[in-house]
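Let's take a walk through this structure together. Keep the model open beside you and follow along as we go.

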Amino acid sequence: MKGKRRKFSSAFKAKVALEALKEKETLAELAQRFEVHAVMISKWKQEFLEKSAHVFDKEADQEEQVDSDRLYAKIGQLELENDFLKKSLKKLH
């Protein structure tokens, strides 16, 4: 019978990947220390290296932030309009 899959936070994965990149300990030692299979550590290390270039992509982050700010403002506006219309409808009945 299989157990539940363990879920790891991004911070934990980054910490383990950085330790693997330092190469002060073998993958087997890291696996034992962090109680994670060595294959998972290798995958996290590979993913960390592949995505590390995106850390310096400030323009993409700023565009995403602007879009989300605009969307949250629109949501707030629509909620106010919806509440106003609900109150007006109750007055009519």
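In this predicted model, the largest nonpolar core is built from eight residues: Val16, Ala20, Leu30, Ala31, Phe34, Val36, Ile41 and Trp44. Helices α1 (10–22), α2 and α3 each contribute at least two residues to this core. The biggest share comes from α2, which gives three residues.

Now turn to how two of these helices meet. Helix α2 covers residues 27–34 and helix α3 covers residues 38–51; the two pack at an angle of about 105 degrees, and their axes lie 8 Å apart. Angles of 65 to 115 degrees count as roughly perpendicular, so α2 and α3 are roughly perpendicular to each other. On the α2 side, the contact is made by Leu27, Leu30 and Ala31, while α3 brings Ala38, Ile41 and Ser42. Sorted by class, this contact of α2 with α3 has five nonpolar residues, one polar residue and no charged ones.

Leu30 is worth a click, as it belongs to the largest nonpolar core and also takes part in the contact of α2 with α3. Setting aside neighbours within four places in sequence, Leu30 is in contact with Glu19, Ala20, Glu25, Glu35 and Ile41.

Finally, zoom out to the whole protein chain. The chain has four helices and zero strands, giving the pattern α-α-α-α along the sequence. Of its 93 residues, 11% are buried. Among contacts between residues at least 6 apart in sequence, 49% join residues at least 24 apart. The accessible surface of the chain comes to about 8700 Å², and carbon and sulfur atoms account for 57% of that surface.

Key: Residues numbered from 1 in each chain as written. Predicted model: local features only at pLDDT ≥ 70, side-chain atom pairs only at ≥ 80, totals over all residues. Heavy atoms only, no water. Axes fitted to C-alpha atoms, helices over the stretch in contact; angles between N-to-C directions. Parallel < 35°, antiparallel > 145°, perpendicular 65-115°, else oblique. Contact = heavy atoms within 4.5 Å. Nonpolar A, V, L, I, M, F, W, Y, C, P; charged D, E, K, R; others polar. Core = buried A, V, L, I, M, F, W, Y, C linked by side-chain atoms within 4.5 Å. Buried < 20%, exposed > 50% of the residue type's maximum accessible area, 1.4 Å probe, protein only. Areas by Shrake-Rupley, 256 points an atom, 1.4 Å probe, with all protein chains shown as cover.
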